[in-house]
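The sequence and the model are shown first.

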Amino acid sequence: MPVVAAVFAFASVTSLTMYFLGVKREPSVKDRLEQIADLGRVPTEREQELSRPLVERIFGPAATKVAGFVVSITPKNVMEAAKLKLDSTGNPWKMSAGDYVILRVVTLLILPLGVFLITNRLGIGKALLFALVAAGLGWVVPETMMQSKAKHRGKEIQRDLPDILDLLTVSVEAGLGFDAALVKVVERKKGPLAEEFGTVLREIRVGKPRKDALRELSERVTVDDITSLVSAVIQADQLGVGISNILRIQAEQVRTKRRQQAEESAMKAPIKMLFPLVFFIFPTLFVVLLGPAIIQIAETFMGF
(Lines give C-alpha, C1' and ligand atoms only; values in the text may rest on other atoms or scores of the structure.)
Protein backbone atom coordinates (compact mmCIF):
# COMPACT_ATOMS: atom_id res chain seq x y z
CA MET A 1 0.00 0.00 0.00
CA PRO A 2 2.73 2.53 0.77
CA VAL A 3 4.28 1.82 -2.64
CA VAL A 4 0.94 2.34 -4.41
CA ALA A 5 0.35 5.55 -2.48
CA ALA A 6 3.84 6.79 -3.38
CA VAL A 7 3.31 6.00 -7.08
CA PHE A 8 -0.08 7.71 -7.02
CA ALA A 9 1.36 10.78 -5.30
CA PHE A 10 4.27 10.93 -7.79
CA ALA A 11 1.88 10.67 -10.75
CA SER A 12 -0.38 13.36 -9.33
CA VAL A 13 2.45 15.76 -8.67
CA THR A 14 3.93 15.12 -12.11
CA SER A 15 0.59 15.71 -13.82
CA LEU A 16 -0.03 18.91 -11.92
CA THR A 17 3.48 20.16 -12.63
CA MET A 18 3.15 19.48 -16.35
CA TYR A 19 -0.25 21.17 -16.38
CA PHE A 20 0.98 24.32 -14.67
CA LEU A 21 4.15 24.44 -16.78
CA GLY A 22 1.94 24.51 -19.86
CA VAL A 23 3.23 21.34 -21.49
CA LYS A 24 1.09 20.83 -24.55
CA ARG A 25 -0.29 17.52 -25.57
CA GLU A 26 0.66 15.98 -28.88
CA PRO A 27 -1.78 17.25 -31.55
CA SER A 28 -4.09 14.67 -33.03
CA VAL A 29 -4.48 13.88 -36.71
CA LYS A 30 -7.64 15.99 -36.81
CA ASP A 31 -5.80 18.98 -35.33
CA ARG A 32 -3.01 18.64 -37.86
CA LEU A 33 -5.46 18.45 -40.76
CA GLU A 34 -7.18 21.61 -39.51
CA GLN A 35 -3.81 23.39 -39.30
CA ILE A 36 -2.96 22.35 -42.86
CA ALA A 37 -6.36 23.53 -44.06
CA ASP A 38 -5.84 26.88 -42.35
CA LEU A 39 -2.44 27.26 -44.02
CA GLY A 40 -3.89 26.61 -47.47
CA ARG A 41 -6.95 28.81 -47.00
CA VAL A 42 -6.91 32.23 -48.58
CA PRO A 43 -8.11 34.88 -46.07
CA THR A 44 -11.13 36.90 -47.02
CA GLU A 45 -10.98 40.59 -47.81
CA ARG A 46 -12.49 41.44 -44.43
CA GLU A 47 -9.90 39.33 -42.60
CA GLN A 48 -7.12 40.98 -44.54
CA GLU A 49 -8.53 44.40 -43.68
CA LEU A 50 -8.81 43.52 -39.98
CA SER A 51 -5.23 42.18 -39.93
CA ARG A 52 -3.89 45.67 -40.73
CA PRO A 53 -2.90 47.93 -37.80
CA LEU A 54 -5.67 50.04 -36.30
CA VAL A 55 -3.90 53.35 -37.02
CA GLU A 56 -3.43 52.41 -40.66
CA ARG A 57 -7.09 51.44 -40.99
CA ILE A 58 -8.26 54.73 -39.46
CA PHE A 59 -5.90 57.23 -41.07
CA GLY A 60 -4.95 55.29 -44.22
CA PRO A 61 -7.91 56.32 -46.42
CA ALA A 62 -7.65 59.97 -45.40
CA ALA A 63 -3.88 59.99 -46.03
CA THR A 64 -4.42 58.40 -49.44
CA LYS A 65 -6.97 61.06 -50.43
CA VAL A 66 -4.73 63.90 -49.23
CA ALA A 67 -1.73 62.44 -51.08
CA GLY A 68 -3.79 62.11 -54.27
CA PHE A 69 -4.95 65.72 -53.96
CA VAL A 70 -1.37 66.98 -53.47
CA VAL A 71 -0.14 65.02 -56.48
CA SER A 72 -3.06 66.23 -58.64
CA ILE A 73 -2.33 69.92 -58.00
CA THR A 74 1.43 69.57 -58.43
CA PRO A 75 2.69 70.88 -61.81
CA LYS A 76 3.82 68.28 -64.30
CA ASN A 77 7.34 69.67 -64.60
CA VAL A 78 7.79 69.36 -60.83
CA MET A 79 6.75 65.70 -60.97
CA GLU A 80 9.17 65.06 -63.84
CA ALA A 81 12.00 66.78 -61.97
CA ALA A 82 11.24 64.66 -58.89
CA LYS A 83 11.29 61.48 -60.99
CA LEU A 84 14.64 62.40 -62.57
CA LYS A 85 16.08 63.16 -59.14
CA LEU A 86 14.97 59.79 -57.80
CA ASP A 87 16.32 58.04 -60.90
CA SER A 88 19.70 59.74 -60.51
CA THR A 89 20.01 58.22 -57.02
CA GLY A 90 18.89 54.77 -58.13
CA ASN A 91 15.77 55.17 -55.96
CA PRO A 92 16.86 52.78 -53.18
CA TRP A 93 13.78 53.77 -51.16
CA LYS A 94 11.38 52.61 -53.94
CA MET A 95 9.56 55.93 -53.85
CA SER A 96 7.40 57.30 -56.61
CA ALA A 97 7.57 60.91 -57.76
CA GLY A 98 4.34 61.60 -55.88
CA ASP A 99 5.77 60.14 -52.66
CA TYR A 100 8.82 62.40 -52.98
CA VAL A 101 6.65 65.49 -53.56
CA ILE A 102 4.55 64.64 -50.50
CA LEU A 103 7.72 64.16 -48.46
CA ARG A 104 8.94 67.59 -49.51
CA VAL A 105 5.58 69.14 -48.59
CA VAL A 106 5.81 67.52 -45.15
CA THR A 107 9.38 68.69 -44.52
CA LEU A 108 8.80 72.22 -45.82
CA LEU A 109 5.29 73.01 -44.56
CA ILE A 110 3.86 70.53 -42.09
CA LEU A 111 7.04 70.03 -40.04
CA PRO A 112 7.65 73.80 -39.49
CA LEU A 113 3.96 74.26 -38.68
CA GLY A 114 4.15 71.49 -36.09
CA VAL A 115 7.29 73.00 -34.57
CA PHE A 116 5.57 76.41 -34.42
CA LEU A 117 2.54 74.99 -32.63
CA ILE A 118 4.70 73.08 -30.15
CA THR A 119 6.98 76.03 -29.33
CA ASN A 120 4.19 78.63 -29.36
CA ARG A 121 4.13 78.71 -25.57
CA LEU A 122 7.67 80.14 -25.60
CA GLY A 123 6.53 83.23 -27.48
CA ILE A 124 5.70 84.14 -31.06
CA GLY A 125 9.23 85.31 -31.88
CA LYS A 126 10.95 82.15 -30.63
CA ALA A 127 8.29 79.95 -32.21
CA LEU A 128 8.83 81.64 -35.60
CA LEU A 129 12.59 81.23 -35.22
CA PHE A 130 12.27 77.51 -34.47
CA ALA A 131 9.82 77.11 -37.36
CA LEU A 132 12.27 78.81 -39.75
CA VAL A 133 15.08 76.56 -38.54
CA ALA A 134 12.86 73.50 -39.05
CA ALA A 135 11.96 74.71 -42.56
CA GLY A 136 15.65 75.25 -43.37
CA LEU A 137 16.55 71.78 -42.16
CA GLY A 138 13.58 70.36 -44.06
CA TRP A 139 14.93 71.93 -47.24
CA VAL A 140 18.65 71.23 -46.78
CA VAL A 141 18.72 67.71 -45.32
CA PRO A 142 16.69 65.86 -48.01
CA GLU A 143 18.43 67.74 -50.83
CA THR A 144 21.86 67.01 -49.35
CA MET A 145 21.02 63.34 -48.96
CA MET A 146 19.79 63.10 -52.55
CA GLN A 147 22.83 64.90 -53.96
CA SER A 148 25.22 62.79 -51.90
CA LYS A 149 23.53 59.58 -53.03
CA ALA A 150 23.54 60.68 -56.68
CA LYS A 151 27.21 61.68 -56.51
CA HIS A 152 28.21 58.37 -54.91
CA ARG A 153 26.24 56.45 -57.51
CA GLY A 154 27.85 58.45 -60.31
CA LYS A 155 31.30 57.54 -59.00
CA GLU A 156 30.37 53.86 -58.92
CA ILE A 157 29.12 54.04 -62.50
CA GLN A 158 32.29 55.87 -63.58
CA ARG A 159 34.38 53.17 -61.90
CA ASP A 160 32.51 50.24 -63.50
CA LEU A 161 32.19 51.74 -66.98
CA PRO A 162 35.62 50.69 -68.47
CA ASP A 163 35.25 47.04 -67.45
CA ILE A 164 31.69 46.88 -68.73
CA LEU A 165 32.72 48.49 -72.00
CA ASP A 166 35.48 45.88 -72.39
CA LEU A 167 32.95 43.09 -71.80
CA LEU A 168 30.57 44.65 -74.32
CA THR A 169 33.38 44.94 -76.88
CA VAL A 170 34.50 41.33 -76.44
CA SER A 171 30.92 40.07 -76.63
CA VAL A 172 30.14 42.03 -79.81
CA GLU A 173 33.41 40.96 -81.46
CA ALA A 174 32.55 37.35 -80.61
CA GLY A 175 29.45 37.63 -82.78
CA LEU A 176 26.73 38.69 -80.37
CA GLY A 177 24.36 41.54 -81.08
CA PHE A 178 24.31 44.63 -78.89
CA ASP A 179 21.22 43.47 -76.98
CA ALA A 180 22.73 40.03 -76.36
CA ALA A 181 25.94 41.69 -75.19
CA LEU A 182 23.90 43.72 -72.71
CA VAL A 183 22.40 40.46 -71.43
CA LYS A 184 25.93 39.16 -70.77
CA VAL A 185 26.78 42.35 -68.90
CA VAL A 186 23.69 42.08 -66.72
CA GLU A 187 24.42 38.41 -65.98
CA ARG A 188 28.10 38.81 -65.14
CA LYS A 189 28.33 42.25 -63.55
CA LYS A 190 26.84 43.75 -60.43
CA GLY A 191 26.36 47.39 -59.54
CA PRO A 192 24.32 50.43 -60.55
CA LEU A 193 25.48 50.49 -64.18
CA ALA A 194 24.56 46.84 -64.71
CA GLU A 195 21.16 47.56 -63.14
CA GLU A 196 20.64 50.47 -65.53
CA PHE A 197 21.49 48.26 -68.50
CA GLY A 198 19.02 45.72 -67.13
CA THR A 199 16.36 48.44 -67.15
CA VAL A 200 17.24 49.23 -70.78
CA LEU A 201 16.85 45.57 -71.71
CA ARG A 202 13.44 45.33 -70.04
CA GLU A 203 12.24 48.43 -71.87
CA ILE A 204 13.47 47.04 -75.20
CA ARG A 205 11.73 43.72 -74.57
CA VAL A 206 8.38 45.39 -73.96
CA GLY A 207 8.59 47.12 -77.34
CA LYS A 208 10.35 50.43 -76.76
CA PRO A 209 12.86 51.37 -79.51
CA ARG A 210 16.48 50.92 -78.55
CA LYS A 211 17.43 54.53 -79.15
CA ASP A 212 14.62 55.77 -76.91
CA ALA A 213 15.61 53.36 -74.13
CA LEU A 214 19.24 54.48 -74.41
CA ARG A 215 18.27 58.16 -74.36
CA GLU A 216 16.29 57.61 -71.19
CA LEU A 217 19.36 55.89 -69.74
CA SER A 218 21.45 59.00 -70.39
CA GLU A 219 18.73 61.11 -68.73
CA ARG A 220 18.64 58.91 -65.63
CA VAL A 221 22.42 58.65 -65.28
CA THR A 222 23.98 62.10 -65.15
CA VAL A 223 27.47 60.99 -66.17
CA ASP A 224 29.18 62.56 -69.18
CA ASP A 225 30.78 59.29 -70.32
CA ILE A 226 27.38 57.56 -70.37
CA THR A 227 25.94 60.40 -72.46
CA SER A 228 28.86 60.12 -74.89
CA LEU A 229 28.46 56.33 -75.08
CA VAL A 230 24.73 56.54 -75.73
CA SER A 231 25.22 59.17 -78.47
CA ALA A 232 27.92 57.08 -80.15
CA VAL A 233 25.84 53.87 -80.05
CA ILE A 234 22.73 55.60 -81.44
CA GLN A 235 24.76 57.26 -84.20
CA ALA A 236 26.48 53.99 -85.12
CA ASP A 237 23.10 52.24 -85.22
CA GLN A 238 21.64 54.90 -87.52
CA LEU A 239 24.64 55.00 -89.87
CA GLY A 240 25.24 51.26 -89.94
CA VAL A 241 28.78 51.51 -88.58
CA GLY A 242 30.36 48.54 -86.81
CA ILE A 243 29.49 48.95 -83.17
CA SER A 244 32.52 46.98 -81.92
CA ASN A 245 34.90 49.73 -83.08
CA ILE A 246 32.72 52.37 -81.40
CA LEU A 247 32.75 50.46 -78.12
CA ARG A 248 36.52 49.95 -78.26
CA ILE A 249 37.11 53.66 -78.89
CA GLN A 250 34.76 54.55 -76.03
CA ALA A 251 36.59 52.16 -73.69
CA GLU A 252 39.95 53.69 -74.59
CA GLN A 253 38.62 57.20 -74.05
CA VAL A 254 37.17 56.29 -70.66
CA ARG A 255 40.43 54.70 -69.52
CA THR A 256 42.41 57.71 -70.75
CA LYS A 257 40.07 60.01 -68.86
CA ARG A 258 40.43 57.91 -65.71
CA ARG A 259 44.23 58.04 -65.98
CA GLN A 260 44.13 61.82 -66.43
CA GLN A 261 41.88 62.17 -63.38
CA ALA A 262 44.30 60.03 -61.34
CA GLU A 263 47.23 62.22 -62.45
CA GLU A 264 45.26 65.35 -61.60
CA SER A 265 44.50 64.00 -58.12
CA ALA A 266 48.17 63.14 -57.63
CA MET A 267 49.21 66.68 -58.59
CA LYS A 268 46.67 68.15 -56.15
CA ALA A 269 47.91 66.00 -53.27
CA PRO A 270 50.96 68.19 -52.30
CA ILE A 271 48.78 71.31 -52.19
CA LYS A 272 46.19 69.57 -50.03
CA MET A 273 48.94 68.33 -47.69
CA LEU A 274 50.38 71.83 -47.25
CA PHE A 275 47.71 73.06 -44.82
CA PRO A 276 47.99 70.10 -42.36
CA LEU A 277 51.79 70.42 -42.52
CA VAL A 278 51.79 74.14 -41.73
CA PHE A 279 49.11 74.17 -39.03
CA PHE A 280 49.56 70.78 -37.31
CA ILE A 281 52.86 69.02 -38.11
CA PHE A 282 55.36 71.91 -38.27
CA PRO A 283 54.32 73.41 -34.89
CA THR A 284 54.75 70.00 -33.27
CA LEU A 285 58.20 69.59 -34.82
CA PHE A 286 59.21 73.05 -33.65
CA VAL A 287 58.14 72.23 -30.09
CA VAL A 288 60.03 68.93 -30.10
CA LEU A 289 63.22 70.28 -31.73
CA LEU A 290 63.44 73.80 -30.35
CA GLY A 291 61.77 73.22 -26.97
CA PRO A 292 64.89 71.96 -25.14
CA ALA A 293 67.02 74.74 -26.62
CA ILE A 294 64.53 77.42 -25.57
CA ILE A 295 64.42 75.98 -22.05
CA GLN A 296 68.24 76.01 -21.78
CA ILE A 297 68.44 79.57 -23.11
CA ALA A 298 65.78 80.69 -20.61
CA GLU A 299 67.62 78.99 -17.72
CA THR A 300 70.93 80.61 -18.80
CA PHE A 301 69.47 84.11 -18.88
CA MET A 302 67.71 83.56 -15.56
CA GLY A 303 71.06 82.50 -14.06
CA PHE A 304 72.58 85.85 -14.94
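## Residue classes and model

In the class counts below, Ala, Val, Leu, Ile, Met, Phe, Trp, Tyr, Cys and Pro are taken as nonpolar, Asp, Glu, Lys and Arg as charged, and the others, Gly among them, as polar. The model is predicted.

## Second largest pocket

By those classes, the lining of the second largest pocket consists of nine charged, three polar and two nonpolar residues. The volume of this pocket is about 270 Å³. It has 14 lining residues, and those nearest its centre are Gly-90, Asn-91, Arg-153, Glu-196 and Thr-199.

Two elements, helix 5 (76-88) and helix 9, each give two or more residues to this lining. Helix 9 contributes the most, with five residues.

## Largest pocket

The largest pocket holds about 380 Å³ of space. Its lining is made of 18 residues, and Gly-154, Lys-155, Gln-158, Arg-159 and Gln-261 are the closest to its centre.

Helix 7 (124-173) and helix 12 (243-303) are the elements that supply two or more residues to the lining of the largest pocket. Helix 7 has the largest share, nine residues. By class, the lining of the largest pocket has seven nonpolar, six charged and five polar residues.

## Packing of helix 9 and helix 10

Two packed helices are described by the distance between their axes and the angle between them. For helix 9 (residues 192-205) and helix 10 (residues 210-220), the axes come within 9 Å and cross at roughly 150 degrees. An angle over 145 degrees counts as roughly antiparallel, and helix 9 and helix 10 are therefore roughly antiparallel to each other. Their crossing is right-handed.

On the helix 9 side, the contact is made by Glu-196, Phe-197, Thr-199, Val-200, Glu-203 and Ile-204. Helix 10 takes part through Arg-210, Ala-213, Leu-214, Glu-216, Leu-217 and Arg-220. The contact residues divide into six nonpolar, five charged and one polar. Two residues of helix 9 in this contact, Glu-196 and Thr-199, are also among those nearest the centre of the second largest pocket.

## The cavity

How many cavities of 30 Å³ or more are there? The count comes to one. The largest cavity has about 40 Å³ of space.

Its lining is formed by Leu-168, Phe-178, Phe-197, Leu-214, Leu-217, Leu-229, Val-230, Val-233 and Leu-247. Phe-197, Leu-214 and Leu-217 also belong to the contact of helix 9 with helix 10. At least two lining residues come from helix 10, and at least two from helix 11 (224-239). Helix 11 has the largest share, with three residues. By class, the cavity lining has nine nonpolar residues, with no polar and no charged ones.

## Packing of helix 5 and helix 6

The axes of helix 5 and helix 6 (residues 97-118) are 8 Å apart, and the two helices pack at an angle of about 100 degrees. Angles of 65 to 115 degrees count as roughly perpendicular, which makes helix 5 roughly perpendicular to helix 6.

Which residues meet in the packing of helix 5 and helix 6? Helix 5 brings Met-79, Ala-82, Lys-83, Lys-85 and Leu-86, and these meet Ala-97, Gly-98, Tyr-100 and Val-101 in helix 6. The contact of helix 5 with helix 6 has six nonpolar, two charged and one polar residue.

Conventions
Residues are numbered from 1 along each chain as its sequence is written. This is a predicted model: local features need pLDDT of at least 70, side-chain atom pairs count only at pLDDT 80 or more; totals for chains, interfaces and linings use all residues. Side-chain values use heavy atoms; hydrogens and water are left out. Axes are lines fitted to C-alpha atoms, for helices over the stretch in contact, and angles run from 0 to 180 degrees between N-to-C directions. Helices (H or I, at least four residues) and strands (E, at least two) are DSSP runs, numbered from the N terminus. Angles under 35 degrees count as roughly parallel, over 145 as roughly antiparallel, 65 to 115 as roughly perpendicular and the rest as oblique. A crossing is left-handed if the near helix is turned anticlockwise from the far one by less than a right angle, and right-handed if clockwise. Contact means heavy atoms within 4.5 Å. On a 1 Å grid over the protein atoms alone, a cavity is a set of points where a 1.4 Å probe fits but cannot get out, and a pocket is an open set with protein on both sides within 12 Å along at least five of seven lines; lining residues have an atom within 4 Å of a point. Grid points are joined across faces, edges and corners, and a volume is the space filled by probe spheres set on the points.
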